[in-house]
Structures are given as C-alpha cells and as structure tokens.
Amino acid sequence: MIKNMMNLEGDLLVAMPNMTDPRFSKAVIYICAHTEDGAMGVVINKPVENVAFNELLEQIGFSSISPKDHIRVYFGGPVESARGFVLHSTDYIDDSTLVINKQFALTSTIDVIKALANGAGPSESILALGYAGWEAGQLDDEILSNGWLTVPADKKLVFETNNNEKWQSSTQCIGIDPNKLSGDSGRA
C-alpha cells in the first residue's frame, strides 16, 4: 500500500465503469473523512427501495413526521449497515456532528433523525444506512488502480440532482464523458 497521497475529504468518488463490486457499480460516494489512517464515505445515489423512513422511525419509537417532507433512505455502504448516517447541510449542528466543510456535515445520532421527522432538521440531507470505509492507503491504491474518479462536491449535485443522474453528472462536471471511460489503467 502507498502512503495517503491526497486528502479527499469533502470530495466525491465516482465509480469507474469497470467496478466489479455490484454494491458500488455506478456509485457516487461523498468522502466524509480521509486521513493517513483510512477513509470513510457515504453513497449518495443508491436509495434503498424496501426501507421507508416511517419504518425507521417506528424502530426507534418515534412516530411523528412532517407531511411536507418525503425522506428517502439510501444504501450508504456495507459497513455498519444497520446504523443511520445523515449527510446534511450545515444549518443543523449538534454536539456529535462532524462538520466537514462550510457546506456539508455528518451526524449519526437518533436526534438528527427525530429532527428530520419533526421538520426541524437540516434543510438538505441524505439519510444513509451504513457507510463505505477504507483502511490506511487502500483508497489511494484503488484510485491509482483506476477504480475511482475524484470530483469536487457541491450541494446541488449531492442534494438536488436526481439519483439516476448523479453518476453521469459527476463525471460531466469535470469534463469527462462517462461513455468514453475505460477500465484499463496504464503505467508510463
């Protein structure tokens, strides 16, 4: 493994077309933390079809929901898949919130889920079950092996773009046509 080459915290990872792991095929992942010890991110474009927000509320003993909000539940990654992680705008912060930058924060407490249900949570959010994680140097190795593209994140792409369009829109924002991407990597 190589030593951590770059800090991708606050950026997006976009799966290359040759991604063989079906959990990450055409995945777009927001990187919440990236240090020399490893990386952690949340998949932002794969809603879970068989889990409703109301069901999650019932499991935590909370039944009130704001009728104006339809909150989708996403597959955030294969690590701790029973735990909720809310990637959100920075207009909501509590004691356990990880502020990533001026636009994005991550909270993984029941309080943020209750706040979302009451309409008092962040104005923009993605509720994900689980996260994607990498050991020290692993993500850098995967990028060098042509597994991922890195793309600057912005709120419109993360929170407003249709899930079916996030993968293609992510590549296009750095001037790449995803139909012309190759899974082959080379060495000079």
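Start with two strands: E1 and E9 pair in the antiparallel sense, with 5 bridges between them. (Strands are DSSP runs of E, at least two residues, and helices are runs of H or I, at least four residues, both numbered from the N terminus; two strands pair if DSSP finds at least two bridges between them.) Select Ala 15 and you'll find its bridge partner in E9, Trp 148.

Before going on, a word about what you're looking at. This is a predicted model, where local features need pLDDT of at least 70, side-chain atom pairs count only at pLDDT 80 or more, and totals for chains, interfaces and linings use all residues. Residues are numbered from 1 along each chain as its sequence is written, and side-chain values use heavy atoms, with hydrogens and water left out.

E1 and E2 run antiparallel, joined by 3 bridges, and Leu 13 has Ile 29 as its bridge partner in E2. (Buried means under 20% relative accessible area, exposed over 50%, and partly exposed in between, with a 1.4 Å probe and protein chains only.)

Next, zoom out. The protein has 5 helices and 9 strands, and along the sequence they follow the pattern β-β-β-α-β-β-β-β-α-β-α-β-α-α. Of its 188 residues, 46% count as buried.

Select Ile 29, Tyr 30, Trp 148 and Val 158. These have the most contacts inside the largest nonpolar core, which has 40 residues. (A nonpolar core is a set of buried Ala, Val, Leu, Ile, Met, Phe, Trp, Tyr and Cys residues joined through side-chain atoms within 4.5 Å.) Among the elements giving two or more residues to this core are strands E1 (11–15), E2 (28–35) and E9 (148–152), plus helix H4 (155–160). Apart from it lies another core of 15 residues, including Leu 56 and Ile 71.

Stay with Val 158 for a moment. Leaving out residues up to four places away in sequence, Val 158 touches Leu 12, Tyr 30, Ile 44, Leu 87, Phe 104, Ile 126, Ala 153 and Lys 166. (Contact means heavy atoms within 4.5 Å.)

Cys 32 is buried, at 1% relative accessible area, whereas Cys 173 counts as partly exposed at 44%. How many disulfides does a search of the whole structure find? It finds 0, taking a disulfide as a pair of cysteine sulfur atoms within 2.5 Å.
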